[in-house]
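The sequence and the coordinates are shown first.

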Amino acid sequence: GRTAVIDFSGAIEEGAPGQIIIKRLQQIVYTATDFDNVDNIIIKINGRNKGTIGADGLSISGPLSR
């Protein structure tokens, strides 16, 4: 399909409370979906699907889009 899978290390969550992790994810989604063949993304952490990210538990369980 038109879904990109992007795998990050756990460092993506470090030092990223509240709005910082939201802004990081927004920028990742915006950049990845700028490609014509990508409509949404799935984020993995250390090769694994994860339901939430960050101390506040922001949901990343499904494809993310703009």
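## Strand pairing and the hairpin

Strands E2 and E3, the latter formed by residues 48-49, pair in the antiparallel sense over two bridges. The model in which this pairing is found is a predicted one. Within the pairing, Ile-45 stands opposite Arg-48 in E3. Two residues separate E2 from E3 in the hairpin that they form, and Asn-46 in the turn has a positive phi of about 50°.

E2 also pairs with strand E1 (residues 3-8), here in the parallel sense and over six bridges. The chain passes from E1 through H1 to E2, giving a β-α-β crossover that is right-handed. Ile-6 is the residue that stands opposite Ile-43 in E2.

## Asn-40 in strand E2

Asn-40 lies in strand E2. Its relative accessible area is 18%, so Asn-40 is classed as buried, the cut-off being under 20%. The side chain of Asn-40 makes a polar contact with the side chain of Thr-3 at 2.5 Å.

Leaving aside residues up to four places away in sequence, Asn-40 touches Arg-2, Thr-3, Ala-4, Thr-33, Pro-63, Leu-64 and Ser-65.

Thr-33 is located in the loop between helix H1 (19-32) and strand E2 (40-45).

The side chain of Thr-33 reaches the backbone oxygen of Tyr-30 at 3.5 Å. With residues up to four places away in sequence not counted, Thr-33 touches Val-38, Asp-39, Asn-40 and Arg-66.

## Salt bridges

How many salt bridges does a search of the whole structure find? The search finds three. One of them joins Arg-2 to Asp-39, with the closest N and O atoms 2.7 Å apart. Arg-2 belongs to the segment before E1 and Asp-39 to the loop between H1 and E2, so this pair ties together parts that are 37 residues apart in sequence. Both partners count as partly exposed: Arg-2 has a relative accessibility of 40%, and Asp-39 has 39%.

A further salt bridge is formed by the side chains of Glu-13 and Lys-50, at 2.9 Å from N to O. The pair links distant parts of the chain, with Glu-13 in the loop between E1 and H1 and Lys-50 in the loop between E3 and strand E4 (52-53), 37 residues apart. Glu-13 is partly exposed at a relative accessible area of 22%, and Lys-50 is likewise partly exposed, at 31%.

## Asp-34 and Arg-66

Asp-34 and Arg-66 also form a salt bridge, in which the closest N and O atoms are 3.6 Å apart. Asp-34 lies in the loop between H1 and E2, while Arg-66 lies in the segment after strand E5 (58-59), so the pair ties together parts that are 32 residues apart in sequence.

Asp-34 counts as exposed at 53% relative accessibility, and Arg-66 counts as exposed at 55%.

Conventions
Residues numbered from 1 in each chain as written. Predicted model: local features only at pLDDT ≥ 70, side-chain atom pairs only at ≥ 80, totals over all residues. Heavy atoms only, no water. Helix = DSSP H or I, 4+ residues; strand = E, 2+ residues; numbered from the N terminus. Polar contact = N/O pair within 3.5 Å; in protein donor to acceptor, adjacent residues only side chain to side chain. Contact = heavy atoms within 4.5 Å. Pairing = 2+ DSSP bridges. Right-handed = clockwise from strand over helix to strand, strands pointing away. Buried < 20%, exposed > 50% of the residue type's maximum accessible area, 1.4 Å probe, protein only. Salt bridge = Lys/Arg side-chain N within 4 Å of Asp/Glu carboxyl O.
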